[in-house]
Amino acid sequence: MLIHLSLIFFVFLLLDLLFFSLHRGFFRLSSFLQSYSCRNSSVREDVLYHGMPKYQTLEESDIFLSLGQHVDVYFPTRKRSRVTAPFVFSEPIFKKQKTTIDVLPDECLFEILRRVSGGQEKSSCASVSKRWLMLLSTIHRNEQKEAQEYDRSGGSITRCLKGKKATDVRLAAIGVGSNNRGGLGELAILGNNSSKVTDFGLMTIARGCPSLTSLTLWNLSSIKDDGVTEIANECRLLEKVELSHCPGISDKSLIAIANNCPNLTSLSIESCANIGNEGLQAIGKSCPRLKSISIKNCPLVGDQGVVSLVTSASSSLMKLRLQGLTVSDMSLAVIGHYGLALTDLELNGLNTVTGKGFWVMGSGQGLQKLKSIVIANCNGVTDLGLEALGRGCPNLKQVSVQKSAFLSDNGVVAFAKVTQSVETVNLEECHAVTQLGIFGLLVNCSTLKALSLTKCLGIKDLPMVIPSGLSPCNSLTSLSVRNCSGFGNFSLGLMGQLCHNLEDIVLTGLHGITDSGLTSLIKNCESGLTKVNLSGCVNLTDKIVSEISMVHGATLEVLHLDGCRSITDASVVTVARNCFSLRELDVSKSAITDFSVAALACSEQVNLQVLSISGCQVSNKSLPFLKKLGETLIGLNMTQCRGVTSSAVGLLGEQIWKCDILV
C-alpha cells in the first residue's frame, strides 16, 4: 500500500514539474521578443543621437537587455528617455530597393528569356522594357529551348520603315513580334539622313524572321556587309532583293546571298559603288531561277558581270534593265544570243555601246519572246540597229526610243516594214525624225495601235499629198503628241486622212494648231472619241469644243482643256448639254466663271467624278452648285481660285466630305 502511494505521489510530482517548465518557457519567450524589440530601438537611437551604438556587439546587448535564466516573472520593457534632438532620416534606410528581376545580369536574363516559348509570350516579355526587347532580339533560333516553327513558304506580314522611323529598336520589335502573326514576309527600309539603322538591326531581323522573302534597302549609308550577310545566312527563303544607294554593301553580301538563297528570282541594284562583277558572277552561278535583274549606275559592273548573269539564267530571265554601266558591244551580243526567255528589255545610258552592238543583238535570233524594249540615251542606236531589232524580234509589241541623235526617218520606216506585231511606238527627243518618218510608220505598220511623240523638234508642219489608193491606218486608236513645236494643222490634217478609228487623243503644248486643223481630225474619228486632252493649246476656242461635244458627246468620258485661255462658259454649257458619259473635266486656267459651274450642276445627264477649275474666275456664288455636284464628285481641284474664301471652302468640305478637295 505504501508503495502504491509513493508511485502516485511521484507521478503528480512529474506532472507539476512539466507544467512549471512549460509556463516558464512561455514567459521567457515573450520577454525575449519584447526585449529584442527594445534592444533594436535602443541601438538605433544610440546610432542616431550619439553617432555610435551603446553596445558594440549583439552579444553585449543580449547580456544587458535579456532576462536572466532564473527569473520566472515577466518584466515590462523600460521606458526610453525623451530625446529632443531632431530625428535624422538615414538615406540607405529609406532607399527603394530594385526588383529582384531587374538586378539580374544580362547573362542570367538571357538564359531565362531563351526558355520562353510561344509568340504571344515573347511579345509580352518584349514589351516589359527596352532591355528585355534587345535581349530577346539577340536570341538565335538554335539557342532557344523550344524553337517556334515558321511557314516554309514565306511570311504574310509586310513592313515598311521610312525616314526617322527606321531604327534598330523598331527592327528588333518586328523581329521579336512578327512570328506570332504569321511571320515577316516583306521588309522595306527607306532611309534618309535621319535614319539610324545599322547592321545590328538587320541582324535582329535575321534571327527572328526566317520566313522573310523580300528585302528592300534604300539610301542607308550605315549598312555594311555584316547585316546583309546575316540575313542571307538565316533567311534562306529570300526571293527578292533590292539595294539602292547603299555604299557600304559590297560583293561580299551578294556572294552570301548566292550561297544561301537559291530561290532568288528578282535582284535590283542601284548606285552601290562597291558592288562589281564578282558578286554578280556568284549570283549567276548559284541562282538559276532569276526572272528579273536591274542594275543601275554601278561603276564597278562591266561585261563580266552582265555576261555571267545572262548566260547562267538564260532559260528563266524575263526582265532585264541596264542603266549607266560601262559595258561594251559584247554584253549586247550575249543578250541577243542568250536572252531566250526575255520579254522586257531596257537599256539606258550605255554610252560605250556602238551601233554594231545593237545590230548584233537584233541579229542574234535569241530574242524570240521579247515583247517590250526601251532604249534611252544610247548614242549607238542607228537605223540599222532598229531595223535589226524589228526583224529579229517577231513578238515585239512595244518599242520606245528616247534621246537618240542618229535615228532618222529611214530607220523608222525600215523598222515599220520588217516588224510583224508591234502595237506601240514611242519616240522622245529623236530630232532626226521628221514628218516623213512618222507618216511612213503609219502607212507601213498595219498592227500599230498607239503612237506617242514627245519633244521631237525635227517634225515640221509641211504640206504633204497622200497618194491615191494608199490604205489608211485603221489599227491606230491612240495618238499622243506632246510639245512638238513643229506639229501643226497640216500634220493634223494628214492624221485625219489616215487614222479613222482614233479613240484617245492627247495634243498638249502645241501652239501651232487651231480650230480648223483639229476639225478635220475630229470629224474623221468614226469610232467615237473617249479621251481628249488639249491642254496648253492656247489657240483653240469654243468652236472646237462645241464640235467635239456634238460629234462625240455620247462616247466622251475625259476632256482636258487646261491652259486653253480662249475657252469660255459657252464651251462648258455645250459640254453639259451633250456629253452624257463625261466623268472627268479639266478647265483650269481658262476663262470660265460661276456660270459654268451652275450649268454643270443643273445638267441632269452629267455625273462628274473629277472636276478641276484651278485658276478660274469663280467665287463663293459657285458653292451651292458645287455642293450639288458633290453628290457624285470624288475629286475637286480649286487651287488658285482667289474669288473663293477659305471659310467657304471649309464649309463646302464639311458638306461634301466624301470628295477630296484640293485648295
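**Close-up views of a predicted model**

**View 1. Helices α15 and α16 pack side by side in this predicted model.** The axes of helix α15 (residues 383-392) and α16 come within 8 Å and cross at roughly 10°; axes are lines fitted to C-alpha atoms, for helices over the stretch in contact, and angles run from 0 to 180 degrees between N-to-C directions. Helices (H or I, at least four residues) and strands (E, at least two) are DSSP runs, numbered from the N terminus. The two helices α15 and α16 are therefore roughly parallel to each other, a term applied to angles under 35 degrees, with over 145 counted as roughly antiparallel, 65 to 115 as roughly perpendicular and the rest as oblique. From α15, the residues Asp383, Leu386, Glu387, Gly390 and Arg391 meet Asn410, Gly411, Ala414, Phe415 and Val418 of α16, where contact means heavy atoms within 4.5 Å. Residues are numbered from 1 along each chain as its sequence is written, and side-chain values use heavy atoms, with hydrogens and water left out. Because the model is predicted, local features need pLDDT of at least 70 and side-chain atom pairs count only at pLDDT 80 or more, whereas totals for chains, interfaces and linings use all residues.

**View 2. Helices α21 and α22 form a further packed pair.** Helix α21 (residues 569-578) packs against helix α22 (residues 594-602) at an angle of about 5°, with the axes 9 Å apart. That angle makes α21 roughly parallel to α22. On the α21 side, Asp569, Val572, Val573 and Ala576 meet Phe595, Ser596, Ala599 and Leu600 in α22. An α-helix has 3.6 residues a turn, so residues three or four places apart point the same way.

**View 3. Strand β12 pairs with β11 and with β13.** β11 and β12 run parallel and are joined by five bridges; two strands pair if DSSP finds at least two bridges between them. Glutamate 428 has threonine 454 in β12 as its bridge partner. β12 also pairs in the parallel sense with strand β13 (residues 478-482), again over five bridges, and alanine 450 stands opposite serine 478 in β13. Five of the five residues of β12 are buried, so the strand is largely enclosed by the rest of the structure; buried means under 20% relative accessible area, exposed over 50%, and partly exposed in between (1.4 Å probe, protein chains only). Ala450, Ser452 and Thr454 are buried on one side of β12, and Leu451 and Leu453 are buried on the other. In a regular strand the side chains alternate between the two faces of the sheet.

**View 4. Helix α17 belongs to a right-handed β-α-β unit with β11 and β12.** A crossover is right-handed if, with the strands pointing away from the viewer, the path from the first strand over the helix to the second runs clockwise. Seven of the ten residues of α17 (residues 435-444) are buried, and the helix is mostly covered. The buried residues are Gln435, Gly437, Ile438, Phe439, Gly440, Leu441 and Leu442. Their cover includes α16 (409-418), β11 (424-428), β12 (450-454) and α18 (489-498).

**View 5. Strand β8 pairs in parallel with β7 and with β9.** Strand β7 (residues 319-323) is joined to strand β8 (residues 344-348) over five bridges, and leucine 320 has leucine 345 in β8 as its bridge partner.

**View 6. Threonine 343 occupies the loop between α13 and β8.** This threonine 343 is buried, with a relative accessible area of 13%. Not counting residues up to four places away in sequence, threonine 343 touches Met318, Lys369, Leu370, Lys371 and Ser372.

**View 7. Leucine 217 is one of the residues that touch the most other members of the largest nonpolar core.** A nonpolar core is a set of buried Ala, Val, Leu, Ile, Met, Phe, Trp, Tyr and Cys residues joined through side-chain atoms within 4.5 Å. Leaving aside neighbours within four places in sequence, the contacts of leucine 217 include Ile189, Leu202, Ile223, Val228 and Glu242.
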